[in-house]
Amino acid sequence: MNYLMTLQNAALQVAQFEIDPKGLAGLGAGLAIGLGACGAALGMGIAAGKALESAARQPELFGKLQTLLLTSIVFMESIAIYALVVSLLLIFTF
Amino acid sequence: MGTHLITLKTSWWAQFWEAFVEKLKGSFGNGNIGEEIRHGILQWKTEFTIGGKDFLLTDAVIVTWIAVFLFILLLIWLSAPKKSVPKGRQFFMESVVSLILSVCKSSGMNEKQAETVAPMVGTIGCFLIACNVSSLFKITPPAKNIAFPFALAFFTIFYVIGISIRFVGVKGFIGSLLDPTPVMFPFKIIDYIIKPMSLALRLFGNIFGSFILMEFLYLVIPLIVPGIFGLWFDLADGILQAVVFSYLTMSYIGEIVEGAEAHKEHAAEKAKAKAEMKAQKALEEKTIQETEAVAAK
């Protein structure tokens, strides 16, 4: 019973602060682009590593590997760009 | 803001240099960055009516016209007199055209189809290059407006579906939708909604993000740094995104054409296997009948 009373008091104290939507939007924007870029960069690093490995193994296939690598990097880059668009949307509409 | 130091023994050049340095120092990181960027993102637009209908004219439309006009002049200069041994400009244009044709063929089209698709894809690529490079001259790029990439992607996906129906027919198109197994049909339908959105958002996100970053740099360090960063963000990124857009268009058309061929092959194989099984069954029945006739005798 005592524990519940202190919890209620704590909640009432916190509820006195008003939450500014701009602040939350800014936080969301930072998180969006940060995590989005993490995933995209990781994926591109793995793809590039495998491409370099197979190019070292068979140097005569280098042209084809280059084309394949650039294609897949473009697709992964666009995922990071979606995250960027969401973060810009959050900043400029709040 | 700042005082002009006028001394008796200085030339015009020294006075000019001092005023310039003072103004430059004042403009580093001055002003409300958020407000100015927000102001830079808003577009210039005007509305007018022709014969009872309302039209909206934005700066994207005007920049598109100017960019396309200038790029057409550049292309006319590039594709000048033709000689049988190409060198210089003709060599450049011929290598570009043969590059487009080779990418089309490696996507899965044959020679004639590649020659039909190449002019359209080249036009889309040149149009996008012209529009994206305009941010190098501090003119707002048209792709910063959300409507431009979406309209282009919408039109492109209709072009892809239409040209592939012309190549392989409606039956071939539906066949490419059912290609490995018919279970994939709803996913391929959703794919045709995702593809234009992906194309549009890739172009919009890259150009808009570069534009905002360059605005920020112009406000904070207006001296030399925007020129260096602008080499990547305005020029290289714009050309790369145009090339990627065209490459993906060619890739989608090639995918449909290959899927139609593969489906036709699968259907032909299935029909052949069925016919063989039928023939074998008929042969078995015949031998059973013969043995029964022999046993009855």
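Modeller: Axes here are lines fitted to C-alpha atoms, for helices over the stretch in contact, and angles run from 0 to 180 degrees between N-to-C directions. Helices (H or I, at least four residues) and strands (E, at least two) are DSSP runs, numbered from the N terminus. This is a predicted model, in which local features need pLDDT of at least 70 and side-chain atom pairs count only at pLDDT 80 or more, while totals for chains, interfaces and linings use all residues. Residues are numbered from 1 along each chain as its sequence is written, and chains are lettered from A and ligands numbered from 1 in the order in which they are written.

The axes of α3(B) and α5(B) come within 9 Å and cross at roughly 115°. On the α3(B) side, T64(B), A67(B), V68(B) and F71(B) meet C126(B), F127(B), A130(B) and C131(B) of α5(B), where contact requires C-beta atoms, placed from the backbone, within 7 Å. This contact has seven nonpolar residues, one polar and no charged (Ala, Val, Leu, Ile, Met, Phe, Trp, Tyr, Cys and Pro count as nonpolar, Asp, Glu, Lys and Arg as charged, and the others, Gly among them, as polar).

A nonpolar core is a set of buried Ala, Val, Leu, Ile, Met, Phe, Trp, Tyr and Cys residues joined through C-beta atoms within 7 Å; buried means 20 or more other C-beta atoms within 10 Å of a residue's own, exposed 12 or fewer, partly exposed in between. Leaving aside neighbours within four places in sequence, F204(B) is in contact with V85(A), A143(B), I146(B) and P149(B).

Strand β2 (residues 53–58) of chain B has six residues, of which zero are buried, so β2(B) lies largely in the open. Six bridges join β2(B) to the antiparallel strand β1 (residues 45–50) of chain B, pairing being counted from at least two DSSP bridges. K45(B) stands opposite T58(B), and T49(B) has D54(B) as its bridge partner.

Terms used:
Two residues are in contact if their C-beta atoms, placed from the backbone, lie within 7 Å.
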